[in-house]
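Please read the following points with the model open beside the text. Each point takes up one topic.

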Amino acid sequence: MIAWPEGAEALFRTASREPLVPDVPDATVLDRAAIEALLPHRAPFLLVHRVLAVDPEEGRLVARYPLSDAREVLAGHFPGNPVFPGALQIEAVGQAALLLELVRRGTTGAVALTHVLGARFLRPVGPEGELEVAVQAVDDGLFVSAVGQILHRGEICAVAGVSCVVD
């Protein structure tokens, strides 16, 4: 079992109940081209398409992903009752955490998700609208760690703790 960085487990529990970043503006801070300049991910596996808020000093980022871009995944998961997969929700949190760290460093680099510290799925994510992915960095020392949440239509649907590396 991987140990949680100090304070991360408490933040994870809080993120299960309340938004990490309340009152998110709807303005685009980073568009898809800017995100692609930082992250190596590409369609169909780029799961953050625009950033609405980033605060490098506070270690927070909020991004969005249109579920219309996941039509094929949703068609097979599950026919007649489409649900956005939990594994992809965790991946979206990981991508947002990596993006936050790259913005904080003002650089690009080799990136990789190294640990899923924990995940909790609270509500299913249906096929319409957008995902909101909010992350809060947690000081880990060795790894880039973050607690993130997936919101859909204003409701917290999942939370995850992840660790990543950036070279």
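This is a predicted model: local features need pLDDT of at least 70, side-chain atom pairs count only at pLDDT 80 or more; totals for chains, interfaces and linings use all residues.

1. R153 is exposed, with a relative accessible area of 62%; here buried means under 20% relative accessible area, exposed over 50%, and partly exposed in between, with a 1.4 Å probe and protein chains only. R153 lies in the loop between strand 5 (144-152) and strand 6 (155-166). Although R153 is not a glycine, its phi is positive, at about 55 degrees. Most residues other than glycine have a negative phi, and most peptide bonds are trans.

2. Residues are numbered from 1 along each chain as its sequence is written, and side-chain values use heavy atoms, with hydrogens and water left out.

3. D23 is a residue other than glycine with a positive phi, near 55 degrees. D23 belongs to the loop between helix 1 (8-15) and helix 2. With 76% relative accessibility, D23 counts as exposed.

4. Two peptide bonds deserve attention. The bond from A43 to P44 is cis, and its omega is near 5 degrees; P44 sits in the loop between helix 2 (32-38) and strand 1 (50-55). The bond from H77 to F78 is also cis, with omega near 10 degrees, and F78 is placed in the loop between helix 3 (71-76) and helix 4.

5. The protein contains four helices and six strands. Helices (H or I, at least four residues) and strands (E, at least two) are DSSP runs, numbered from the N terminus. In sequence order the pattern is α-α-β-β-α-α-β-β-β-β. The radius of gyration is 15 Å, close to the 15 Å that the globule rule gives for 167 residues, so the protein is as compact as a globular protein of that length. This radius is taken over C-alpha atoms, and the rule is 2.2 Å times the number of residues to the power 0.38. The C-alpha trace spans about 45 × 35 × 30 Å along its principal axes.

6. Is helix 4 largely enclosed by the rest of the structure, or exposed? Of its 20 residues, 15 are buried, so helix 4 is largely enclosed by the rest of the structure. Helix 4 covers residues 86-105 and should span 28 Å at 1.5 Å a residue; its end C-alpha atoms are 29 Å apart, which agrees. The expected span is 1.5 Å times one less than the number of residues. G106 follows helix 4 and has a positive phi, near 65 degrees.

7. T107 is found in the loop between helix 4 and strand 3 (111-121). At 31% relative accessibility, T107 counts as partly exposed. Leaving aside residues up to four places away in sequence, T107 touches L38 and L102, where contact means heavy atoms within 4.5 Å. T107 and V166 are 59 residues apart in sequence, and their C-alpha atoms are 9.8 Å apart in space.

8. Two totals complete the note. Buried residues make up 48% of the 167 residues in the protein. Among contacts between residues at least 6 apart in sequence, 67% join residues at least 24 apart.
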